[in-house]
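Please open the structure in your viewer and keep the sequence beside it. The stops below lead from the whole chain to single residues.

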Amino acid sequence: QVQLVESGGGLVQAGGSLKLSCLASGRTFSSDAVGWFRQAPGKEQEFVAVITRNGGTTYYTDSVKGRFTISRDNAKNAVYLQMTTLKPEDTAVYYCTAGPHSSRYRYEYDYWGQGTQVTVSS
């Protein structure tokens with residue numbers, strides 16, 4: 001069993017940057033793909049990014065390509081989301097997740113964090 005805890009959210013102005021962290025406990029998640037989803041006010045949860053277990057392949061939703069970077073450090077049992085050039089449209093609760101396969105679909109994942117709020121002001 002893996003427990004995931006996100007941190008690093010906060011309030012920033014448009015154009016700013018934040019780095020989100022997700023730390024796993026219970027066991028290593030080195031065998032899992034790890035990703036980020038987000039849910040904006042009034043919207044469905046959407047896929048943001050995922051990284052394969054070895055960190056060799058990443059996938060991003062189109063709206064964040066070129067601005068967000070997902071990475072992982074298996075030695076620290078951590079995954080990160082470096083967000084730059086933030087836009088008000090990025091405002092959402094961000095959740096980290098882990099599962100056996102890289103996917104943009106929520107049902108593919110087994111473990112979820114509680115979420116961290118990112119608010120981008122205009």
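The model is a predicted one, in which local features need pLDDT of at least 70 and side-chain atom pairs count only at pLDDT 80 or more, while totals for chains, interfaces and linings use all residues. Residues are numbered from 1 along each chain as its sequence is written, and side-chain values use heavy atoms, with hydrogens and water left out.

**The fold as a whole**

Colour the protein chain by secondary structure. It has 11 strands and zero helices; strands (E, at least two residues) and helices (H or I, at least four) are DSSP runs numbered from the N terminus. The C-alpha atoms occupy a box of roughly 40 × 25 × 25 Å along the principal axes.

Next, display contacts, meaning heavy atoms within 4.5 Å. Of those between residues at least 6 apart in sequence, 57% join residues at least 24 apart.

**The disulfide**

Which residues does a disulfide join? Select C22 and C96, whose sulfur atoms lie 2.0 Å apart; a disulfide is a pair of cysteine sulfur atoms within 2.5 Å. This pair links distant parts of the chain, with C22 in strand β3 (residues 18-25) and C96 in strand β9 (residues 92-99), 74 residues apart. A search of the whole structure finds one disulfide. The link of C22 and C96 is right-handed, with 55 degrees about the S-S bond. C22 counts as buried because its relative accessible area is 0%, and C96 is likewise buried at 0%.

**Two loop residues**

Move to the loop between β7 (68-73) and β8 (78-83) and select N77. This residue is not a glycine, yet its phi is positive, at about 55 degrees. Is N77 buried or exposed? With 10% relative accessibility, N77 counts as buried.

Finally, select T85 in the loop between β8 and β9. T85 also has a positive phi, near 45 degrees, in a residue other than glycine. Its relative accessible area is 44%, so T85 is partly exposed.

Methods:
Buried means under 20% relative accessible area, exposed over 50%, partly exposed in between (1.4 Å probe, protein chains only).
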